[in-house]
Amino acid sequence: GRINVDLRPYQKDILETLGEEIWIEDLKDFGPKTRNYILMASRQSGKTTTIAAYFAWYLCFHTDRNLAILANKQVTTIEIVDKVLQVFRGLPFFLKPGIESYGKLGLKLDNGCMLTSQATTSSAVLGFAIHVLYIDEFAHIQQNIAREFWRAVYPTLSSSRISQCIISSTPYGQDNLFFDIWDKAVRGKNSFVWKR
């Protein structure tokens with residue numbers, strides 16, 4: 001059921017890092033200060049619940065934005081969408097935009113924001129602009145699919161100055177794309193901010 005969550009310090013840090021925005025003068029819009037974020041965490045550490053809370057906040061306080069959740073299995077995406085909906089439902093009515101439609105794979109709000117989800121495939125979410133992309137358990141996605149998906153989606157995502165990419169996973173060896181991105185982030189060789 002729905003309960004209040006006492007955030008741990010690292011959860012507060014995640015939310016503060018992801019939620020900090022800067023004004024982009026030539027776009028006349030806010031964009032994320034941290035555009036690329038990678039999180040390595042153990043199972044049952046509250047990472048998905050933390051990201052769900054961030055998504056609920058983002059959906060409420062932005063307009064005309066598309067958010068996408070990808071995971072290694074469809075059942076996982078359904079679970080994450082349900083967490084976002086649970087957070088959303090628990091908010092006071094005056095904070096929430098109206099819901100135009102919702103289901104187990106996402107929702108659409110009357111402020112123009114939309115949340116969608118799917119299992120990661122080589123062609124996932126390629127049909128529309130994405131402002132926030134969350135990839136859960138990225139190390140556990142089949143590597144041929146993960147790499148092909150990444151080559152297709154990341155150039156589009158990185159070309160928008162108001163987009164944000166959030167990756168989280170438990171570790172799963174060193175021969176996967178999650179480890180490649182993580183290792184480069186730790187060594188300062190890419191634009192990802194990392195948290196362990």
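The following exercises, each with a worked solution, concern a predicted model.

**Exercise 1. Determine the strand order of the open sheet and identify the strands that stand at its edges.**

Solution. Begin with the order of the eight strands, which is S5-S6-S7-S4-S8-S9-S3-S10. The sheet is open, and its pairing is mixed. Next, consider the two ends of this order. Strand S5 (99-103) and strand S10 (193-195) each have a single partner strand, so one side of each is left without a neighbour in the sheet. Finally, the twist from one strand to the next averages 10°.

**Exercise 2. Describe how strand S4 is joined to strand S8, and which helix packs on the sheet there.**

Solution. Strand S4 covers residues 66-71 and strand S8 covers residues 132-136. The two run parallel and are joined by four bridges. Within this pairing, Leu133 of S8 stands opposite Ala68. Helix H4 (residues 143-159) packs on the sheet, where it touches S3, S4, S8 and S9. The direction of H4 makes about 150° with that of S8.

**Exercise 3. Classify the crossing of helices H4 and H5, and list the residues that make the contact.**

Solution. Two packed helices are described by the angle between their axes and the distance between the axes. The axes of H4 and H5 (residues 177-186) come within 9 Å and cross at roughly 55°. That angle makes H4 oblique to H5. The contact is made by Gln143, Ala146, Arg147 and Trp150 on the side of H4, and by Leu177, Asp180 and Ile181 on the side of H5.

**Exercise 4. Locate the largest nonpolar core and describe the place of Leu59 in it.**

Solution. In soluble globular proteins, nonpolar side chains tend to be buried together. Here the largest nonpolar core has 26 residues. Those with the most contacts inside it are Phe55, Leu59, Ile69, Leu115 and Ile166. Among the elements that give two or more residues to this core are H1, S3, helix H3 (74-90) and strand S6 (106-109). Helix H2 (47-61) also belongs to that group, and H2 gives the most, with seven residues.

Leu59 has its place in H2. Its relative accessibility is 0%, so it counts as buried. Leaving aside neighbours within four places in sequence, the residues in contact with Leu59 include Leu67, Val84, Pro97, Leu107 and Met114. By contrast, 29 Å separates the C-alpha atoms of Leu59 and Leu177.

Another core, of 24 residues, lies apart from the largest one; among its residues are Leu70, Ile141, Tyr154 and Phe192.

Terms used
Residues numbered from 1 in each chain as written. Predicted model: local features only at pLDDT ≥ 70, side-chain atom pairs only at ≥ 80, totals over all residues. Heavy atoms only, no water. Pairing = 2+ DSSP bridges. Axes fitted to C-alpha atoms, helices over the stretch in contact; angles between N-to-C directions. Contact = heavy atoms within 4.5 Å. Parallel < 35°, antiparallel > 145°, perpendicular 65-115°, else oblique. Core = buried A, V, L, I, M, F, W, Y, C linked by side-chain atoms within 4.5 Å. Buried < 20%, exposed > 50% of the residue type's maximum accessible area, 1.4 Å probe, protein only.
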